[in-house]
Structures are given as structure tokens and as C-alpha cells.
Amino acid sequence: MKLLKFLAINAFLGASLFASEIITIAASPVPHAQILEQIKPDLEQKGYKLEIKEFTDYVLPNLAVDGGEIDANFFQHTPYLEEFNKNKGTKLVKIAGVHIEPMAVYSKKFKSIDDLKDGATIAVPNDPTNESRALDIIEKKGLVKFKDNALKTPLDITDNPKNIKFVELKAAQLPRALDDVDFAIINSNYALSANLNPAKDSILIEDGQSPYVNILVVKEGHENDAKIKALVESIQSQKVKDFINQKYDGSVLPAF
């Protein structure tokens with residue numbers, strides 16, 4: 001009887017250990033992974049274990065989801081996703097908007113963008129959508145004019161009275177480039193990772209009319225999977241909204 005009881009208890013414990021279905025998600029460390037950490041307990045209550053895989057680039061997370069190694073990712077906005085699908089032939093779809101990270105201009109040499117001198121250097125992200133987004137900020141300030149293209153690059157400049165030189169770098173390298181350039185336009189996730197607060201440390205910040213909401217993404221055909229629906233429900237919650245507002249103090253804003 002004791003042996004039977006022992007076996008029964010172990011069978012129960014074994015079943016309990018494997019009861020939760022795993023959801024794997026690729027995310028940038030800040031703020032994406034931090035936000036996802038908040039919903040682990042909520043998903044556990046729904047029978048899911050969330051495994052967060054941190055990435056510091058913008059390519060591998062999409063390839064991993066498209067290849068089926070990871071269920072979802074959380075690091076990008078819709079313009080980037082659309083361009084990626086077009087260029088790479090991937091079939092990835094947006095399932096939910098979560099937050100906006102305003103892109104901003106930083107400098108260790110100047111207190112204002114109005115102090116920009118002739119021949120100034122400005123570092124910008126080198127991926128197509130984020131580069132165009134960064135150049136939009138400079139164009140709206142009236143410093144440079146571009147051809148009316150969907151995606152801008154420095155090659156599209158039509159008027160550059162200050163002879164600004166744009167330095168194209170990987171987005172993750174921009175905070176480290178601040179010592180070497182006059183200004184750098186940095187995505188908020190990389191700014192936050194470098195202890196730069198977009199709301200407090202930038203000298204010019206993207207306005208609130210931005211289409212660049214950060215989104216959850218899955219491979220086409222998995223939008224209605226039960227675990228994906230549970231993921232969306234958990235992340236688009238009042239708890240997450242409150243966390244974003246309190247944690248990031250205006251440098252990251254809820255978008256749901």
C-alpha cells in the first residue's frame with residue numbers, strides 16, 4: 001500500500017510539473033522583457049508558462065518566429081514589420097499593440113538642437129524604417145528637406161543648409177556613439193538600456209502623433225491559438241498599463 005501511495009503521489013507531482021503549456025517569446029531587454037515579466041503570474045493562472053528569450057538585434061527575433069522556433073516576439077513596430085516581410089519573404093502578423101517608445105535626439109555636447117552648427121554630425125539607425133523615422137524628426141525641425149519618399153535616407157536630401165553629416169549605425173550602437181558625434185537619434189529601448197530617459201535626457205523628442213506602436217507578432221496562421229489569445233489578454237491589461245506609466249515616467253506610453 002505504501003508503495004502504491006508513493007507511486008500515486010509521484011505521478012501526481014509529475015503531472016503537475018508538466019501541466020503548464022509553454023509560451024516562448026523573443027523580446028528586447030528594455031522595456032519589452034521588463035513588461036513581459038509582469039504578466040508571468042497572470043499566464044500561470046491560465047495554465048501557461050512564459051519563457052522570455054532576450055535579443056539585442058532586430059532580425060533574429062523575426063526569423064525565429066517565422067521559422068517556428070519561438071511562438072511570438074515583442075520588439076518592433078508595424079512599419080518595420082511590413083518592410084521586413086517584404087524584404088525577407090516572411091509571413092509575420094501583428095496581433096496586438098502594446099506601447100509607444102518615442103524616439104528622441106540626445107547630445108553630450110549641446111543643450112539644444114538649435115545649437116547645431118555647420119557640418120554637425122548626427123548618428124541615426126541604419127535599418128530602413130527607423131532611419132526614416134529619425135530623419136522625419138530632423139525634417140520636422142526644419143533643418144533638412146527630403147524627397148517625398150515613403151522611406152527616407154540621407155541620399156534623398158534635397159536641401160541641407162547646415163551641411164549636416166548623417167552617420168548610419170546599428171540601433172544598438174547609438175548610445176555608445178554619443179561621445180563621437182554631435183547628436184544621436186536613439187530608439188527608446190536602447191536609450192533606456194544606456195540609462196538615458198527620453199522624457200528627461202533628450203533635447204528633442206518625437207511628438208505623440210506617431211504610427212510606431214510596439215506590437216506583439218506571430219507567424220501567420222497562429223493568431224487564434226489559445227495560448228496567443230491568453231498572451232494578448234494578459235499584456236493588454238490595466239495591470240500592465242499601470243506598470244508602464246509608473247515604471248517609465250513618460251518615456252514609454254501605453255498604446256491600448
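Predicted model: local features only at pLDDT ≥ 70, side-chain atom pairs only at ≥ 80, totals over all residues.
Reader: How many aromatic pairs does the structure hold?

Author: Rings of Phe, Tyr and Trp (its six-membered ring) pair if their centres lie within 6.5 Å; planes under 30 degrees apart count as stacked, over 60 as edge-to-face and the rest as tilted. There are 7 such pairs here. Take Tyr58 and Tyr190: their ring centres sit 5.7 Å apart with planes at 40°, so this pair is tilted.

Reader: Where in the chain do Tyr58 and Tyr190 lie?

Author: Helices (H or I, at least four residues) and strands (E, at least two) are DSSP runs, numbered from the N terminus. Tyr58 is in the loop between strand E2 (48-54) and helix H4 (60-66), while Tyr190 is in helix H8 (residues 188-193), so that pair links parts of the chain 132 residues apart.

Reader: Is Tyr58 buried or exposed?

Author: Buried means under 20% relative accessible area, exposed over 50%, and partly exposed in between (1.4 Å probe, protein chains only). Tyr58 comes out at 10%, so it's buried, and Tyr190 is buried at 10% as well. Then look at Phe75 and Tyr80: with centres 6.2 Å apart and planes at 70°, they make an edge-to-face pair. Both of those residues are buried. Tyr58, Phe75, Tyr80, Phe84 and Tyr190 form one aromatic cluster.

Reader: And how many salt bridges turn up?

Author: Side chains of opposite charge can pair when their charged atoms come close. The cut-off is a side-chain nitrogen of Lys or Arg within 4 Å of a carboxyl oxygen of Asp or Glu. Searching the whole structure gives 13. In one of them, Glu206 meets Arg133, with the closest N and O atoms 2.7 Å apart. Glu206 lies in the loop between strand E11 (204-205) and strand E12 (213-219) and Arg133 in helix H6 (residues 128-140), so they tie together parts 73 residues apart in sequence. Glu206 is buried at 13%, and Arg133 is buried at 3%.

Reader: Which residue does Asp249 pair with?

Author: Asp249 bridges to Lys200, the closest N and O atoms being 3.0 Å apart. Here Asp249 is partly exposed at 44%, whereas Lys200 is exposed at 58%. Elsewhere, salt bridges with shared partners join Glu21, Asp71 and Lys227 into one network.

Definitions and conventions: Residues numbered from 1 in each chain as written. Heavy atoms only, no water.
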